[in-house]
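Morning, everyone. Please look at the model on the screen while I talk.

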Amino acid sequence: ANTLGARWIPESSATFISTARRVADWWIAHVPADNLVAYWDFSDPAIPNTYRDTSATAIVAASLLKLAALLQDQPSAEFYRKHAENTVESLVNEYLTPKGILTQGCYSPKMSLATKNELVWGDYYLFEALNVLDGTVGPLIV
């Protein structure tokens with residue numbers, strides 16, 4: 001039967017990991033160092049006076065934890081995990097309300113839509129990353 005969507009092909013794992021590392025390295029090189037929370041658009045000419053996007057940042061934190069778990073090279077795995085830990089710490093300390101709402105997600109400034117809001121996918125990926133970091137679930141389970 002034909003199925004749509006992505007699927008894991010073991011022979012492609014080296015290519016997948018190589019691509020994931022290039023993307024992660026680009027993110028780490030370009031995310032603002034002040035709090036590791038991305039601007040809504042890395043090329044916005046208004047930077048630093050523009051929106052941050054905690055939802056995209058939470059997605060990346062969870063993804064970095066997955067990448068770290070896939071790597072055989074321990075120093076590289078620790079590098080990505082540490083960046084994820086620092087990112088999650090920033091999200092929790094600067095953007096999480098006492099009720100567990102991740103604020104400052106940015107959906108679409110061009111449409112003036114949800115530019116400083118809770119975005120459910122941001123909450124989900126932050127929750128996932130927190131569960132991985134405390135050992136509740138493995139990074140490759142979720």
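Start with the buried residues of α2: Thr54, Ser55, Thr57, Ala58, Val60, Ala61, Ala62, Leu64, Leu65, Leu67 and Ala68. Buried means under 20% relative accessible area, exposed over 50%, partly exposed in between, with a 1.4 Å probe and protein chains only. Helices are DSSP runs of H or I with at least four residues, numbered from the N terminus. What covers those buried residues includes α1, α3 (74-95) and α4 (120-133).

A word on the source. This is a predicted model, where local features need pLDDT of at least 70, side-chain atom pairs count only at pLDDT 80 or more, and totals for chains, interfaces and linings use all residues. Residues are numbered from 1 along each chain as its sequence is written, and side-chain values use heavy atoms, without hydrogens and water.

Does the length of α2 agree or disagree with its residue count? It agrees: 17 residues at 1.5 Å a residue should span 24 Å, and the end C-alpha atoms are 25 Å apart. The expected span is 1.5 Å times one less than the number of residues.

Next, salt bridges. I mean a side-chain nitrogen of Lys or Arg within 4 Å of a carboxyl oxygen of Asp or Glu. The whole structure has four.

Lys66 and Glu128 form one of them, at 3.0 Å, N to O. This pair links distant parts of the chain: Lys66 sits in helix α2, Glu128 in helix α4, 62 residues apart. Lys66 counts as partly exposed because its relative accessibility is 22%. Glu128 is buried, at 5%.

Arg52 and Asp34 also meet in a salt bridge, at 2.7 Å, N to O. Both are in the loop between α1 and α2, 18 residues apart. Arg52 has 14% relative accessibility, so it counts as buried. Asp34 has 57%, so it counts as exposed.

In helix α3, Arg81 and Glu85 are four residues apart, about one turn. Their side chains meet at 3.2 Å, N to O. Arg81, Lys82 and Glu85 are linked in a network of salt bridges.

Last stop, Ile101. Where is it? In the loop between α3 and α4. Ile101 counts as partly exposed because its relative accessibility is 30%. Contact means heavy atoms within 4.5 Å. Leaving aside neighbours within four places in sequence, Ile101 is in contact with Tyr95, Leu96, Glu118 and Asp123.

Note on methods: Helix = DSSP H or I, 4+ residues; strand = E, 2+ residues; numbered from the N terminus.
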